[in-house]
Amino acid sequence: MNKHFGVSWGIAVIAILGVLVWQALSIVELYHFQNERFITKVNHRITRTVNELNLFAVQKSTAVSVVRSVPCLTLAKGEKIERCRLQRDDDLADAEYRATYDIRDTTLWTLEKFYSLLRQGRRRGDKSFPIVINLLDSLGNRIDSLSCGYIPPWLRMKAEPVRLGFLEKHVLEVECMFPVHQFWGRSKNSFILIFVFTVLLIVCVMILMYKINQERKHIIGQHLFLDTVMHNLQSPLDYMSFTQDVLGKKYGNMMEIEDQQALEGIREKQSDMGHAITRLLTLSDIFYRIQIYPCPLCLKEMLEKLCALSFVKIPLGKQVDVNISCEMDNPEISVDPVYLPIVFENLIGNAIKYSGKSVKIDIRCQGKGKWIEIRVKDNGIGIPSRSLKRIFEIYYRDPSMRDDHSRKGFGIGLSFVHSVVKAHHGKITVHSIINVGTEFIIILPRKQWKRK
């Protein structure tokens with residue numbers, strides 16, 4: 001139990017850590033999404049600012065004309081005229097904008113002016129806009145640069161390079177940083193939802209583990225109680241057995257018939273007490289995982305011994321008829337010789353308890369390859385459909401049976417039956433019809449797997 005409980009706690013901790021990691025990845029993904037949106041806006045703003053600065057810095061004595069039918073671009077700067085034939089797949093509008101850079105006034109087209117125009121498009125609340133601007137020639141050599149503010153290396157991101165000149169072929173490169181306060185302002189609602197969801201999940205897991213811990217303590221207490229009861233019963237039983245053997249050896253031949261009958265009564269009571277202790281031992285194992293120790297057992301012989309009904313007290317006036325049909329060439333199977341007989345004791349005992357005065361129990365065994373099917377059918381009062389799904393739960397009894405004092409029980413027997421069948425790597429199902437009878441179907445493998 002401690003091992004399984006520790007595993008449960010480990011799984012819970014792993015689940016919580018997994019959720020936290022998932023939330024962290026979600027935050028990172030959200031940051032990248034906001035970052036991409038920001039850099040897209042920066043790219044558009046840079047392109048628009050470059051176009052505005054080109055138009056602002058163009059010289060009065062220059063002109064740009066585009067012949068779209070050719071297509072051909074003409075640059076007139078003073079008396080100097082330059083013509084350039086464009087490729088058909090070039091964008092003429094973009095070429096016209098870039099051509100204005102070739103005829104600009106270099107005293108007006110500066111990186112400081114570019115930065116000033118770029119800042120005008122920012123929000124008033126953005127007090128800082130760290131940026132690095134580099135102007136490169138066609139070979140990638142730096143012509144000019146401007147740096148404003150500090151950008152940490154791990155937060156630095158590059159905007160798309162902008163081709164400026166049509167003839168000079170200069171390139172403008174911009175590096176900037178996504179402001180953290182903008183990320184928080186745009187994503188704080190998502191942060192709050194993630195935080196609330198994580199806290200609720202952790203609280204639910206902690207409550208669940210607390211309930212499991214309480215249930216574990218309750219089960220351990222029941223187990224200790226059963227151990228105490230078994231110990232207190234075993235001691236007087238051993239003393240009774242010792243005394244009975246001494247009396248039988250010393251004075252058995254000297255006793256009168258009445259005294260011998262009394263001694264035989266003590267022997268019967270001792271046997272009944274032994275059965276009771278055996279049942280307590282098996283019930284104690286319900287709260288833990290049952291470990292079976294399989295060995296070869298003749299199924300038919302085991303069932304025939306149970307037909308003597310020595311394990312149950314039959315009420316006066318009841319007639320019990322047990323029929324066994326074993327349609328198997330080889331009735332030998334590998335099972336636990338202690339636990340499996342108690343399974344059928346429970347089923348037969350319940351059939352007698354929950355039937356009328358004439359009890360008929362049919363037990364049928366069939367071999368199906370590597371498996372064996374055992375059917376136990378009675379003509380009892382049946383099980384209501386509402387209870388069929390819960391019939392193997394420990395301490396469960398149908399509500400209609402709780403007030404029936406003639407049929408006492410604690411709801412433990414069928415739970416034990418289910419645990420034993422499961423420990424044998426088998427399966428048990430039940431079919432029942434009210435006032436007609438109940439049939440339990442047990443499927444067991446012929447040979448058990450080796451215990452690790």
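Biologist: Before the labels, what should I know about the model?

Modeller: It is predicted, so local features need pLDDT of at least 70 and side-chain atom pairs pLDDT 80 or more, while totals for chains, interfaces and linings use all residues. Residues are numbered from 1 along each chain as its sequence is written, and side-chain values use heavy atoms, leaving out hydrogens and water.

Biologist: Why is the pair of Trp109 and Phe114 called stacked?

Modeller: Rings of Phe, Tyr and Trp (its six-membered ring) pair if their centres lie within 6.5 Å; planes under 30 degrees apart count as stacked, over 60 as edge-to-face and the rest as tilted. Trp109 and Phe114 sit 6.3 Å centre to centre with 5° between the planes, so they pass as a pair and as stacked. Ring pairs also join Tyr101 to Trp109 and Phe114 in a cluster.

Biologist: And what makes Phe392 and Phe440 edge-to-face?

Modeller: Their planes are 65° apart, with 6.5 Å centre to centre. That angle is over 60, so the label is edge-to-face. Phe392 lies in the loop between helix H8 (385–388) and helix H9 (399–402), and Phe440 in strand S15 (residues 437–445), so this pair ties together parts 48 residues apart in sequence. Helices (H or I, at least four residues) and strands (E, at least two) are DSSP runs, numbered from the N terminus.

Biologist: How do you know whether Phe392 is buried or exposed?

Modeller: Buried means under 20% relative accessible area, exposed over 50%, partly exposed in between (1.4 Å probe, protein chains only). Phe392 comes in at 17%, so it counts as buried. Phe440, at 8%, is buried too. So is Tyr396, at 11%, which is found in the loop between H8 and H9.

Biologist: Why is the contact between Glu175 and Arg156 called a salt bridge?

Modeller: A salt bridge is a side-chain nitrogen of Lys or Arg within 4 Å of a carboxyl oxygen of Asp or Glu. For Glu175 and Arg156 the closest N and O atoms are 3.4 Å apart, so the pair qualifies. The two residues link distant parts of the chain: Glu175 is in strand S8 (residues 171–176), and Arg156 is in the loop between strand S5 (142–148) and strand S6 (157–158).

Biologist: What about Glu175 and Lys158?

Modeller: Their side chains meet at 4.0 Å, N to O. The limit is within 4 Å, so the pair still counts. Glu175 is buried at 13%, whereas Lys158 counts as exposed at 61%.

Biologist: How many salt bridges does the structure hold?

Modeller: Nine. Among them is Arg390 with Glu393, at 3.1 Å, N to O. Elsewhere, Lys368, Glu373, Arg375 and Glu439 are linked in a network.
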